Amino acid sequence: MNHYLDFAKELNLILSEEDIKLDEPMKKHTSFRVGGPADIFVTPKNVDELVKVIRSCKERKVPYFIIGFGSNLLVKDGGIRGVVIKLSKFSNIDIKDNVIKVQCGASLAKTAREALKYSLSGLEFACGIPGTVGGAVAMNAGAYGGEMKDVLCNVTILDHDGNIKILSHDELELGYRTSAVLKNQYLALECEMNLKNGEYDEIKKTIDDLMGRRAEKQPLEYPSAGSTFKRPVGYFAGKLIEDSNLKGKTIGGAAVSEKHSGFIINKSQATAKDILDLISHVQKIVKDEFDVTLETEVRIIGEEI
Ligand SMILES: Cc1cc2nc3c(=O)[nH]c(=O)nc-3n(C[C@H](O)[C@H](O)[C@H](O)COP(=O)(O)OP(=O)(O)OC[C@H]3O[C@@H](n4cnc5c(N)ncnc54)[C@H](O)[C@@H]3O)c2cc1C
């Protein structure tokens, strides 16, 4: 039962009809390919529409949640109450000298490929990270020794009152898989990244190398959300899981990847509950075996059935 049908009618006054969906299955918008329906799912076309949507949510006390490509999300089977906002129509990438100005709904990998075209170095690490620039800012995404913190100059955000502000590098409080954007649930609109002039062939070689390493080590053939757990200080999550004899462990359609134990995959039509049960099981066994607490890197949202 959708409790927000009247609110959806109000949003119809702000957004075009094709930009509002009711009871939208979140499995269509997450890389895990699981998740129940969002009551209202919107894709505003511009900042004006976005600000109006957020102000309306605030006024009517309707919860809202921003998603990128859902590549770090586990949405529970009961779905999400309120409004899910996707910035798929905010995807402009603008390069001037060695500064990239990019809207936060743009693909991070595509942005890194654009940087390559201009022989700009610094985003090589990001080529294989699925997701939007906004998601990468919120999560301070990183890989192979690079992270968003290294390249970000500033991020333009929308706060909960619908005010637009620019956060400087320091104000972004970028840390291991966290940021002020994530902590305060700001909406990242666009950002500027500072890259270095480099050699096209060198940059391409690094990208190809990192992509090759991913394909070799990661179970990219199955839906997942990347590394399920954060790296505990002094350990590697995958190694702890493997040493706990959990490689290949399945619950329902969810499995600990045989290829990389740090990944829980949707092996065969898993539900979010299968994945959550497997996460809890892994956490318990690793705690019992090694007295280490595995914290999820994947963000778990929504309601159970
Ligand atoms: C195969 C695979 C490999 C991966 N490898 C890596 C890796 O090497 N390194 C790494 O760091 N991650 C990795 N990930 C995880 C994921 O790709 C990153 O966390 C990515 O940055 C998430 O981006 P997204 O747009 O999909 O965000 P989502 O998953 O949609 O959202 C993640 C969080 O960001 C918030 N968010 C999204 N957009 C915005 C916005 N515009 N404003 C404010 N908040 C926003 C959401 O509210 C949510 O809290 C991997 C995932 C997969 C599936």
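Is Ser227 buried, partly exposed or exposed? Ser227 counts as partly exposed, at 30% relative accessibility. Buried means under 20% relative accessible area, exposed over 50%, and partly exposed in between, with a 1.4 Å probe and protein chains only. This is a predicted model, in which local features need pLDDT of at least 70, side-chain atom pairs count only at pLDDT 80 or more, and totals for chains, interfaces and linings use all residues. Residues are numbered from 1 along each chain as its sequence is written, and side-chain values use heavy atoms, with hydrogens and water left out.

**Annotated active site**

- UniProt, in an unreviewed entry, places the feature "active site" at Arg177, Ser227 and Glu297. UniProt positions are given in the numbering used here, feature names are shortened, and annotations may be inferred rather than shown by experiment.
- These residues span 121 residues in sequence, yet no two of their C-alpha atoms are more than 11.4 Å apart, so they gather at one spot.
- Arg177 lies in the loop between strand 12 (164–168) and helix 5 (180–184). Helices (H or I, at least four residues) and strands (E, at least two) are DSSP runs, numbered from the N terminus.
- At 13% relative accessibility, Arg177 is buried. Its phi is positive, near 55°, and Arg177 is not a glycine.
- Arg177 touches Met139, Asn140, Ala141, Gly142, Leu182, Lys230 and Glu297, not counting residues up to four places away in sequence. Contact means heavy atoms within 4.5 Å.
- A polar atom of the Arg177 side chain lies 3.1 Å from the backbone oxygen of Gly142.
- Ser227 sits in the loop between helix 6 (200–217) and helix 7 (237–243).
- Neighbours within four places in sequence aside, Ser227 contacts Gly262, Phe263, Glu297 and Val298.

**Nonpolar cores**

- The largest nonpolar core has 39 residues. Such a core is a set of buried Ala, Val, Leu, Ile, Met, Phe, Trp, Tyr and Cys residues joined through side-chain atoms within 4.5 Å.
- Leu123, Val133, Met148, Leu152 and Met193 have the most contacts inside this core.
- Elements giving two or more residues to this core include strand 6 (93–96), strand 7 (99–103), helix 3 (108–117), helix 4 (133–139) and strand 13 (187–194). Helix 4 provides the largest share, five residues.
- Met193 contacts, among others beyond four places in sequence, Val99, Ile100, Thr111, Leu123, Val133, Met148 and Leu152.
- A second, separate core has 23 residues, among them Leu240, Ile241, Ile264 and Leu294.

**Helix 3**

- Which residues of helix 3 are buried? They are Leu108, Thr111, Ala112, Glu114, Ala115 and Leu116.
- The buried residues of helix 3 pack against strand 6, strand 7, strand 8 (120–121), helix 4, strand 13 and helix 6.
- At the helix start, a side-chain oxygen of Ser107 reaches to within 3.3 Å of the backbone nitrogen of Ala109.
- Ser119 follows helix 3 and has a positive phi, near 55°.

**Loop residues**

- His29 lies in the loop between strand 1 (20–25) and strand 2 (37–42). His29 is buried, at 12% relative accessibility.
- A polar contact of 2.8 Å joins the side chains of His29 and Glu24. A polar contact is a pair of N or O atoms within 3.5 Å; within protein, one must be able to donate a hydrogen and the other to accept it, and residues adjacent in sequence count only if both atoms are side-chain atoms.
- Leaving out neighbours within four places in sequence, His29 also contacts residues including Phe41, Ile67, Phe69 and Lys86.
- Lys61 is in the loop between helix 2 (47–60) and strand 3 (64–67). Lys61 is exposed, at 73% relative accessibility, and has a positive phi near 55°.
- Ser244 is in the loop between helix 7 and strand 15 (250–251). Ser244 is buried, at 8% relative accessible area.
- The Ser244 side chain reaches the backbone oxygen of Leu240 at 2.7 Å. Beyond four places in sequence, Ser244 contacts Ile285, Val286, Glu289 and Phe290.

**Charge over a ring**

- The charged end of Arg231 sits over the ring of Tyr176, 4.9 Å from its centre. The criterion is NZ of Lys or CZ of Arg within 6 Å of the ring centre and within 35 degrees of the ring normal.
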